[in-house]
Amino acid sequence: MRYFILLFFMLITTVFSQHKKQLTETDYSLWSKFNQTLMSLDGRWVSYGLEYEKADTLFLKNTTFKKSFCFPKANWATFSSKSDWFSYYQKDSLYLFDLKQERKLFIDKMIVDYLYSGDGTYLLVFKKEDTTINLRILNLKNQSSVYIHDIVSYKVSPDAKRIALVTREGSTQSVKVVAMKSTLAEVTIVKDSYYLYSSLTWDVLGTRLAFFKFERNLSDDLNKPVALCWSSGFDKRVRKVTLEASAAILPKGYDLTTINLYLPEQSDVVLFTLQQPLENLATVSNQEVQIWKSGDLTIPPKSNNDAYYRSLKWYKWDIKSNRVYEIEDSIHPNSILTGDTKHALVYHPDELAPIYKCSNELVALYVKNIATGEKDLLSDRQTTLENQVLISPTGKYITYFKDKAWWIYDIYKKTHLCLTCNLSYPVHQIAYDRAGQFPPIYKTSWTMDGSKVIIHDQYDVWLIAPNGTSKKRLTNGAVTKTIYRVYEPYSPASPNYYSFGFLSTVHDLKRPLLLQTVDEETFAQGFALLYPNGVIKTLFKRESKFHLVSTTKDFTSFLFLEQNFSLPPRLFVVNSDGSEQLIHQSNTQQETFEWGKSRLVTYTNSKEKPLKGALFYPENYDAEKKYPLLVVIYEKKSKEVFDYSYPTVLSDWGFTISNYVSSGYFVLLPDIAYGLNSPGDDALDCVSAAVNSVVQQYPIASDAIALLGHSFGGYETAYIMGKSKLFKTAIIGAPLIDLLDHYLTIDGHGKSNMWRFEHDQMRMPIPFYSNEFERNSPLKNVQHISSPILTWTGSGDLQLDWKNGMKLHNALWRLDKKSTLLLYPDEGHVLADKKNQEDLSNKVKDWLDYYLKGKSKASWME
């Protein structure tokens, strides 16, 4: 009996698999992508959008009763803070959906903005009518409305309990504040027919307001404020500083930069920027002769634009003393603001120039006392790369990464301390193989009470006292080779966000701490909760990639997106007890098509270094057949093993994995390990080892292998093709071909390319005139290329000059070798125009099918 049951299921499985279809280009439009994923703060409702090729659809689902609602062609969705209302925009109209009574309410058309008040009592709707913006404040309890007309500008407080408005009535402008409590309360702070107002800015707590005051002129051009004003937020007593009275330190003929006005938390201080007008700076006409000198600190010499941006300066207004202080000066024209408003980090971007003496991201960094002007050196060679200099929330400490360690500086004691010098495992990225300094594994953060710094080593999370007296490991990942990281999707930016300074994230250890986990060997991901008592509760762990969308207010439910190559993205909720609920599985039509699978493979290079690669199997894989292989290269790519690949011809570099595995190809993404001064040979070594390994283990036709690369991967591909006979053909996109030419020229952004070689991706600090340097140039070996080459590039590429692709093609043409160049007009480093994306994707497919599968030549190839 068991035999017959087994035979029956085998027949059913076979029949089902035989009825699966092969994926074709006409099927690609069936696929959708998630967008606008949201969860209400109580966790009872989830909203998500599905983006199709021609239209979007918005869905709303109840997680308790699993009831769903569908809103075609809707977007711009939001839940109220009380989780009782859901709003969305559909066909030029704003709608409310009552989540309790499950009814839909039309609000208005032609909305330019809308939002809920902090407690969810009101809906604020901004509507454009003719040339004016009007505000409707809708009470969601009784459906009554209050209208405020002719709004010039507005700013909602961070807690959304108040809104500041500049309104206009005839020639009179007013600054108003509306408090949104059980009833609305409005107060006019200032009102004047002579002055204009702009740049409304709240502090973090929403209790204080600052704005600029301007003299009215005929054009109403807001370019020169006469005063900076400050109010407690709901008080008519306005303090102000007249900027002309501070002319001794302000730039002459200053202009306003409206994006930079900042009120620190719990401090009677306003930070603001002014700049000199461009016409006040020394200018050089494009028609004049440029003079470049060997004594210049940069190549090219600093342009007028650089002077323009450096003319933007930060100032501090101390309200109690009514004094204005200069934060930056001519010696150190750049700054990073600290949380206490008493100090700033200052530096000159060119103090350590030229770049051949020091990497261009390194600066000498000083701590400046804003009131006294006194400066203390923090670090003589400090990187400006993101999240390597972080300021504690109170502004008392600075954590900075240097010499493979995290250091801390006490601003008031003026002391330095290495926090990580005695940890068991490193805190720097041990696999980092570019030229230059090692970056940290992860950024630092702080506990809410400011008593501990949170630091990550190779595997684990640590709590370390800022004075170094205590160190506590919170996880034990080193034992199981599991990497634990405190989940932080972003860092709070410093007020002068265009700089590299970032404020540290704060974590409340009295509530559970969300941890992300990664298995070092398999790349399996997971999430866990670290409770205040030290217990770690694993929520899930599996061979997929995950993205946290949102959490409930009480931190007991979490909305995630999950994907792997075989699993289309799915949206699910996991609770703190580990139970899961599927909200939506996207692209279920995939089950009706043949689809491949992915796995990690391992190999070693000639130096016996173990490496990984991601191998994607062809659909309907048969171990008795031989398959062509596509090898896609760019540094390290094995971690893409769990990436879902949407079938599409709209690829910005002409290649999509799912298009090819569904057409009977293996696809390999190998890792490349680099040393210094040999990027080409290192790529050749590792890629050859990877290909030889998979050819020995899998049914791959050794005479049907292609190599594909774009940008730096294009450089690697071009170099390998001049050194190896493994590949039947190659696709090379936006490549670097002539190293010496690239080293000695500037890119399309007006910057020298030298740093890319000496301190970055090219990994070549050797002299540019050496034989070793020139030996790494693909152009040096082009005469040895024997396989057909398809090269593509964009004529508007500012990163790698399109003439690199031209040089490769022209050299092959002169040598009478098979080569085709696709030059896309006005395209950049990747293709942005959808027509061009489709064209390139189809041409790449035509090319590979002809050379690896023996299909007929496409007409464009004749």
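Biologist: Between which two helices is the loop that holds Lys751?
Modeller: This is a predicted model, in which local features need pLDDT of at least 70, side-chain atom pairs count only at pLDDT 80 or more, and totals for chains, interfaces and linings use all residues. Residues are numbered from 1 along each chain as its sequence is written, and side-chain values use heavy atoms, with hydrogens and water left out. Helices (H or I, at least four residues) and strands (E, at least two) are DSSP runs, numbered from the N terminus. The loop with Lys751 lies between helix H7 (739-743) and helix H8 (754-758).

Biologist: Is Lys751 buried or exposed?
Modeller: A residue is called buried under 20% relative accessible area, exposed over 50% and partly exposed in between, using a 1.4 Å probe and protein chains only. The relative accessible area of Lys751 is 53%, and Lys751 therefore counts as exposed.

Biologist: How far apart are the C-alpha atoms of Lys751 and Pro300?
Modeller: Contact means heavy atoms within 4.5 Å, and Lys751, leaving aside its neighbours within four places in sequence, is in contact with Ile299, Thr745 and Ile746. Pro300 itself is found in the loop between strand S22 (269-275) and helix H2 (304-310). Although Lys751 and Pro300 are 451 residues apart along the chain, their C-alpha atoms are separated by 6.9 Å.

Biologist: What is omega for the peptide bond that joins Ile299 and Pro300?
Modeller: As background, most residues other than glycine have a negative phi, and most peptide bonds are trans. The bond from Ala353 to Pro354, however, is cis with omega near 5°, and Pro354 lies in the loop between strand S26 (343-347) and strand S27 (362-369). Ile299 and Pro300 are also joined by a cis peptide bond, and its omega is about -10°.

Biologist: What is the phi of Met110?
Modeller: Met110 has its place in the loop between strand S8 (103-109) and strand S9 (111-116), and is exposed, with a relative accessible area of 51%. Met110 is not a glycine, yet its phi is positive, with a value near 55°.

Biologist: In what order do the 8 strands of the open sheet stand?
Modeller: Two strands pair if DSSP finds at least two bridges between them; S47 and strand S48 (residues 610-616), for example, pair in the antiparallel sense over 7 bridges, whereas S51 and S52 pair in the parallel sense over 5 bridges. The sheet therefore leaves one side of strand S47 (598-604) and of strand S54 (819-824) without a neighbour, as these two stand at the edges with a single partner strand each. With mixed pairing, the order is S47-S48-S50-S49-S51-S52-S53-S54.

Biologist: How many residues of S52 are buried?
Modeller: From S52, Thr729, Ile731 and Gly733 point one way and Ala730 and Ile732 the other way, and all are buried. S52 is thus largely enclosed by the rest of the structure, because the number of its residues that are buried is 5 of the 5.

Biologist: Within what arc do the buried residues of H10 fall?
Modeller: In helix H10 (residues 803-814), the buried residues are Asn804, Gly805, Leu808, His809, Ala811 and Leu812. The arc is that of the directions from the helix axis to the C-beta atoms. Seen down the axis of H10, these buried residues line one face of the helix, because they fall within an arc of 160°.

Biologist: Which strands do the buried residues of H10 pack against?
Modeller: On the other side of H10, Trp813 and Arg814 are exposed. The buried residues of H10, in contrast, pack against S52, S53 and S54.

Biologist: At roughly what angle do the axes of H5 and helix H6 cross?
Modeller: Axes are lines fitted to C-alpha atoms, for helices over the stretch in contact, and angles run from 0 to 180 degrees between N-to-C directions. Angles under 35 degrees count as roughly parallel, over 145 as roughly antiparallel, 65 to 115 as roughly perpendicular and the rest as oblique, and H5 and H6 are therefore roughly perpendicular to each other. The contact includes Leu684 and Val687 of H5 and Tyr715 and Tyr719 of H6. The axes of H5 and helix H6 (residues 712-721) come within 9 Å and cross at roughly 75°.
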